[in-house]
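Me: I would like to learn how to read helix packing and a ligand site in a model. Could you take me through it step by step?

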Amino acid sequence: MRIYLIGFMGSGKSHWGRRWAATHEWPFYDLDDMITSSERLSVTDIFEQRGEEYFRMRETLTLRRTLGINRAIIACGGGTPCFHGNMEWMNEQGFTIYLSATPAYLLQQVMADRSQRPLLKNVNEAELLYFIQQKLAEREPFYQQAKLKLHADGLSANSLDSVIGPEN
Ligand code: S3P
């Protein structure tokens, strides 16, 4: 089995993915990291130099390549489920978990490292909450297709015990 973590920017996919992988001794993969290491550019630079469409194409190709990985936790980017049929594909090929959070919670989480997120970089602070609300509403229909939904603010190292089993 492979587990795909999905959710908005700042919902904790990479943070919790890494922790859960450590708890269960499963490998952890981060889709953005896989893309940046094969492109040798940061996500921001890929958006700036090659455009979002190019990034989404690389993202989909990288996601499809995870088919060769077994018993792993894979953190997706916030937009991964919303392009090129990726949500449907993940549901066919693995177990999807949505880390849901309120716009206020997400705002707090993304404030610190907003410059590394191309979609948020140029939104001014006063408009950021509104931007998050709009984008989240747009993406919610995709996120809601996840097999399991967990609240981002109530997670612990053992949150996946019922999915993976405490000692595997
Ligand atoms: C994106 C989220 C980012 C990254 C890219 C686009 C999005 O990942 O893939 O900046 O469309 O929401 P994180 O959710 O890990 O920040």
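Reply: Gladly! This is a predicted model. Let's begin with handedness: helix 6 crosses helix 8 in a right-handed sense.

Me: Which residues of helix 6 and helix 8 make the contact?

Reply: From helix 6 come Pro103, Ala104, Leu106, Leu107, Val110 and Met111, and from helix 8 come Glu125, Leu128, Leu129, Ile132, Gln133 and Leu136. Sorted by class, this contact of helix 6 with helix 8 has 10 nonpolar, 1 polar and 1 charged residues.

Me: How should I read the angle between helix 6 and helix 8?

Reply: Angles from 65 to 115 degrees count as roughly perpendicular and those over 145 as roughly antiparallel. Here the axes of helix 6 (residues 103–111) and helix 8 (residues 125–143) cross at roughly 125° and come within 10 Å. The two helices, helix 6 and helix 8, are therefore oblique to each other.

Me: What about helix 2 and helix 3: at roughly what angle do the axes cross?

Reply: The crossing is at roughly 60°, and the axes of helix 2 (residues 31–39) and helix 3 (residues 43–50) come within 9 Å. Helix 2 and helix 3 are therefore also oblique to each other. The crossing of helix 2 and helix 3 is left-handed.

Me: Which residues of helix 2 meet helix 3?

Reply: Asp32, Ile35, Thr36 and Glu39 do, and their partners in helix 3 are Val43, Ile46 and Arg50. By class, the contact of helix 2 with helix 3 has 3 nonpolar, 1 polar and 3 charged residues.

Me: How do the axes of helix 3 and helix 4 run?

Reply: The axes of helix 3 and helix 4 (residues 52–65) come within 7 Å and cross at roughly 125°. That angle makes helix 3 oblique to helix 4. Val43, Ile46, Phe47 and Arg50 of helix 3 make the contact with Glu52, Tyr54, Phe55 and Arg56 of helix 4. In terms of class, the contact of helix 3 with helix 4 has 5 nonpolar, no polar and 3 charged residues.

Me: Now the ligand: how many residues surround the ligand?

Reply: There are 13, and the closest are Lys13, Asp32, Arg56, Gly78 and Arg139.

Notes
Residues are numbered from 1 along each chain as its sequence is written. This is a predicted model: local features need pLDDT of at least 70, side-chain atom pairs count only at pLDDT 80 or more; totals for chains, interfaces and linings use all residues. Side-chain values use heavy atoms; hydrogens and water are left out. Axes are lines fitted to C-alpha atoms, for helices over the stretch in contact, and angles run from 0 to 180 degrees between N-to-C directions. Helices (H or I, at least four residues) and strands (E, at least two) are DSSP runs, numbered from the N terminus. Angles under 35 degrees count as roughly parallel, over 145 as roughly antiparallel, 65 to 115 as roughly perpendicular and the rest as oblique. A crossing is left-handed if the near helix is turned anticlockwise from the far one by less than a right angle, and right-handed if clockwise. Contact means heavy atoms within 4.5 Å. Ala, Val, Leu, Ile, Met, Phe, Trp, Tyr, Cys and Pro count as nonpolar, Asp, Glu, Lys and Arg as charged, and the others, Gly among them, as polar. A residue is near a molecule or strand if one of its heavy atoms lies within 4 Å of it.
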